[in-house]
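I opened the model today and kept notes as I went. Entries follow in the order I looked things up.

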Amino acid sequence: MRLPFLPAVNLLSKLDTERVKVLLDLETASPYLSISSDCRTLQIAEEHQNLPDTPKRFTGSASVLGSQGFTAGRHYWELEVGGGNTWAVGVALESVQRKESLVMAMEKIWALRMDWDGSYTALTMPPTQLSLQEEPRRIRVHLDYEAGQVTFYNTDNMRQILQFNVSFSEKVFPYFWLWTPGTHIKLCS
């Protein structure tokens, strides 16, 4: 008996269809951040920028959202963290508090944070110290909206760093935060 021909499925190609090109949303960027002209790199600004204080803008923390939000599906984006420390990357709800400090906004943020002392923390309430074998500099953030999962991978070896299980009920955006000058985050294309 001959079996029917079944074409090979390239799983990597299927995963790549979930990849999104994330750009930084200038309307949400804190006046403490400097955003590159291509909206892919952020760093601490040399001086406080004079930007309109709109409801969308973060003024209580050096934060910015990605320009595209999600209410369904599976999506991932990759980024590089260069130099320095004290950064956070992950996702935030559209209704995240933007006028208060990061600590006050954490109930609507799910992120991986590198602290000033080089340790890593899962941003939960309260923050949870992580014990990582290696220092990730290129990170994949994977959002599965329906499954309620936000998963972080070290892109160099695709080892899972952290996973949050959440029940989403509103739009979710990529989230980025910096604290220390000399640190930058660059979104990979």
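**Entry 1: the sheet.** I count two strands as paired if DSSP finds at least two bridges between them. The model is predicted, and I read the pairing from it on that basis. I find an open sheet of six strands, ordered β3-β12-β5-β6-β7-β8. The pairing is antiparallel. I then looked for the edges. They are β3, residues 63-65, and β8, residues 128-130. Each of these pairs on one side only.

Entry 2: β5 covers residues 87-93 and β6 covers residues 109-114. I find six bridges between them, in the antiparallel sense. Which residue in β6 is the bridge partner of V91? I traced it to W110.

**Entry 3: confidence.** I looked up the pLDDT next. The mean for the protein is 89. Of its residues, 91% reach 70 or more. I then went to residues 1-13, where the pLDDT is below 50. Beyond near neighbours in sequence, I find zero contacts for this stretch in the model.

**Entry 4: M106.** I moved to the loop between α2, residues 102-105, and β6, where M106 is found. Is M106 buried or exposed? Its relative accessibility is 4%, so M106 counts as buried, the cut-off being under 20%. I listed what M106 touches, leaving out residues up to four places away in sequence: L123, T124, M125 and P127. I also took one distance. The C-alpha atoms of M106 and T124 are separated by 6.8 Å. Along the chain these two residues are 18 residues apart.

**Entry 5: positive phi.** C39 is not a glycine, yet its phi is positive, near 60 degrees. I place C39 in the loop between β1 (33-35) and β2 (41-44). C39 counts as buried because its relative accessibility is 15%, and buried means under 20%.

M158 is not a glycine either, and I read a positive phi of about 60 degrees there. I find M158 in the loop between β10 (149-154) and β11 (159-165). How does M158 come out, buried, exposed or partly exposed? Its relative accessible area is 36%, so I note M158 as partly exposed, between the cut-offs of 20% and 50%.

Notes:
Residues are numbered from 1 along each chain as its sequence is written. This is a predicted model: local features need pLDDT of at least 70, side-chain atom pairs count only at pLDDT 80 or more; totals for chains, interfaces and linings use all residues. Side-chain values use heavy atoms; hydrogens and water are left out. Helices (H or I, at least four residues) and strands (E, at least two) are DSSP runs, numbered from the N terminus. Buried means under 20% relative accessible area, exposed over 50%, partly exposed in between (1.4 Å probe, protein chains only). pLDDT is the predictor's confidence in each residue, from 0 to 100. Contact means heavy atoms within 4.5 Å.
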